[in-house]
Amino acid sequence: MAHADEAAIFNKDEAKVDWHDKALWFVRQKRDKSAHNVQGWEELRNLASALKANVLSNLDTYLLQFEENAKKNGVTVHWAANAEEHNKIVHSILVKHGVKRMVKSKSMLTEECHLNPYLEANNIEVIDTDLGERIVQLAKEPPSHIVLPAIHKKKEEVDVLFQEHLGTKPCDGDPQYLTGEARKHLRDKFLKAEAAITGVNFAIADTGGFVVCTNEGNADMGVHLAKVHIACMGMEKLIPQEKHLGVFLRLLGRSATGQPITTYSSHFNKPAPGKEMHIVIVDNGRTEQLSREDFRASLHCIRCGACMNTCPIYRRSGGHSYKSTIPGPIGSILSPGLDLKKHSSLPFASTLCGSCSDVCPVKINIHEQLYKWRQIIVKEVPQPGVKKNILKIAGRVLANSAMYHVAGKSARFMLKYAPRFVIYSKLNAWGKARDLPEVKNGNFDDWYKNRKKNE
Amino acid sequence: MIGIKTEKRMSRESILKAVKKNKPESLPLPEIDLGIFEENINLVETFIGNLNFVGGRAIQLNNITEMDAEIKKLYPNASKIVSCVKESALGTISIDKETDPHSLEDIDLAIIKGELAVAENGAIWVTDQDFTIRALPFITNDLVLVVSTNDMYLHMHHVYEAIAKRDRTFGVFISGPSKTADIEQCLVVGAHGAMSLTVFIV
Ligand code: SF4
């Protein structure tokens, strides 16, 4: 199903959509407030972007340097070309240690590789320990947001879910009570787990160490109690030197939730005495994305979620409508790289307003890349008739680079100039049941001329 | 097993080869100009403001000898206490390198010396050299950290300079108590780690 059809399903519950929309916009506002508190914020973004560009242009060297240093620290390093290899490697480590129970902290990579079903099929219990992830795991759903995995769930739904699986009392969705019960339930899992899997936020080439960020403390609870720690990382998580964490840790928490830093930023270098630490470096399509000049910068992503929180389409269509591990604007660039046909509707799930690019801490030109995917998709993937018409009209605007330049910065432009059916047709689920703001202040030509004058 | 090993080696080589082929031309490593981030602000005040913002509590002491009395006031019911700070006599449970972290499951309070504090985000840097058992600051019900005003830094760039020469094992920035907002974005303090954090500034 195309993204717009999936979005239409999400839009059936209007009250919930409104809540979702506002909740995420609130997170976006917290991000703004927090960013404005930092002197040199824009310079931090420039630095982060340049650092990531440097990493990609020397990725093989940094990978080797990282491997060498990690090995010196007593860490075992594995390489996986794809999801299947990743899952096999993790499984073989668990088998070696006779692990039957495993806890996992948030890792979009293991979602991408579908590690949980693989291990469960091999009779290993996998418990997601981030509260949001545990909620969606119990509901047998994928996360709908990379930072707020259960943002699509109302508290009453969590209440019912916990009654069923954790035996809690009905509580009208009291978050305090439900969180407390989850703490007890997961504490037991932490104490019994023989191995812990974590993601990696940043891996440092010149020390061989890596950093994991959480607010709940679940990664650390898992790792420090279990005898084996397996950290799974996409190969783009590297940064050159430890001091560069200064740049990235200042950006990550603020961009994600408006916190000045996550509660825990854990720096792992050596395994604790008597314990084992493994790192699995995963490609799974990343080297291919690296080869695409127009889309390479998508590998800068530090998974903060800011582009989702700000996106008018994401907020009103929900993460599940994207049907890809990473939803939202950045997911709409990454997923077509993995399977163009399957994800061909995603680059159209955007107003091209550019808000995503404006908030991205590593300055990925997200909306421009979405536009570039559209051009490729129109050529390579057969389009249904109605969409072709829209594309033709959109194409007239988008093909004119001067107009596009202006339009790209202004969602309002699309509202005013896209024909009514583009906004209100079935394809645009987010335009339904919602009065879009009227665009005032003269027409585009006047505005454009005025703008020229003021330049 | 031999099969898996060969496969692994092959993936390593093929990944590195593909990266080499697909990467763009080398781009320079940017220099960080610290001048841009300098601010003339009161470090202790800023730190306390940020610590409160992230749900922690700061208490300034004239002398570390006043600390135990304050802790007793704040945590009157704590009985299982691990103290890793020599100035505190409140410890009731002693730990060493051999302690099984699982045995710390019902610890009420841990008291740990922080190495430095970061004004811009209310975080304290601690390493396993300060608390011996890595699980301690997370598994304890409540956490007390002690930090000296001399160890306050404006921002993370200075901090990484300050910790550059450490023996790298395990270290963590802790900013406030553990928390979550995963149920309808309602902030709940006390997820899996410590339920509260008190920082003594001496
Ligand atoms: S693309 Fe940018 S804004 Fe979006 S998640 Fe990645 S880093 Fe954050």
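1. A definition comes before the rest: helices here are DSSP runs of H or I with at least four residues, numbered from the N terminus. Please also bear in mind throughout that this is a predicted model.

2. With that definition in hand, consider a pair inside one helix of chain A. Arg28(A) and Asp32(A) join their side chains in a salt bridge, with N and O 3.0 Å apart. Why can these two be described as about one helical turn apart? They are separated by about one helical turn because they lie four residues apart in helix 2 of chain A. Over all chains, the count of salt bridges comes to 39.

3. On one side, 25 residues of domain 1 of chain A take part, and they touch 31 residues of domain 2 of chain A. The area buried between domain 1 of chain A and domain 2 of chain A is about 2,500 Å², and carbon and sulfur atoms give 61% of that area.

4. Which specific links cross this boundary between domain 1 of chain A and domain 2 of chain A? Two salt bridges are counted there, and seven residue pairs are in polar contact across the interface, both residues of each pair being at pLDDT 80 or more. On the domain 1 side, the elements that give two or more residues are helix 2 (14-36) and helix 14 (306-310) of chain A. Helix 2 of chain A supplies the largest share of that side, ten residues, and the residues of the side divide into 14 nonpolar, seven polar and four charged. Elsewhere in chain A, Lys16(A) forms a salt bridge with Glu157(A), where the closest N and O atoms are 3.2 Å apart.

5. The next point concerns how the chains meet. In this contact, 73 residues of chain B touch 98 residues of chain A, and the two chains bury about 7,100 Å² between them, 61% of it on carbon and sulfur atoms. Within chain B, the residues that lose the most area to chain A are Ile183(B), Glu184(B) and His192(B), which together account for 12% of what that side buries.

6. How many salt bridges are counted between chain B and chain A? The count is nine; Glu184(B) also meets Lys154(A) in a salt bridge, at 3.2 Å from N to O. Polar contacts between chain B and chain A come to 36 residue pairs, both residues being at pLDDT 80 or more. Several elements of chain B give two or more residues to the side that touches chain A, including helix 1 (2-22), helix 2 (43-53) and strand 5 (123-127). Helix 1 of chain B gives the largest share, eleven residues, and the residues of this side divide into 36 nonpolar, 19 polar and 18 charged.

7. Finally, a record can be set beside the model. An unreviewed UniProt entry lists residues 103-202 of chain B as "domain: LUD". Over residues 103-202, chain B is 15% helix and 36% strand, and the end C-alpha atoms lie 31 Å apart.

Conventions:
Residues are numbered from 1 along each chain as its sequence is written. Chains are lettered from A and ligands numbered from 1 in the order in which they are written. This is a predicted model: local features need pLDDT of at least 70, side-chain atom pairs count only at pLDDT 80 or more; totals for chains, interfaces and linings use all residues. Side-chain values use heavy atoms; hydrogens and water are left out. Contact means heavy atoms within 4.5 Å. Buried area is the accessible area (1.4 Å probe) that two parts lose on being put together, summed over both. A salt bridge is a side-chain nitrogen of Lys or Arg within 4 Å of a carboxyl oxygen of Asp or Glu. A polar contact is a pair of N or O atoms within 3.5 Å; within protein, one must be able to donate a hydrogen and the other to accept it, and residues adjacent in sequence count only if both atoms are side-chain atoms. Ala, Val, Leu, Ile, Met, Phe, Trp, Tyr, Cys and Pro count as nonpolar, Asp, Glu, Lys and Arg as charged, and the others, Gly among them, as polar. UniProt positions are given in the numbering used here, feature names are shortened, and annotations may be inferred rather than shown by experiment.
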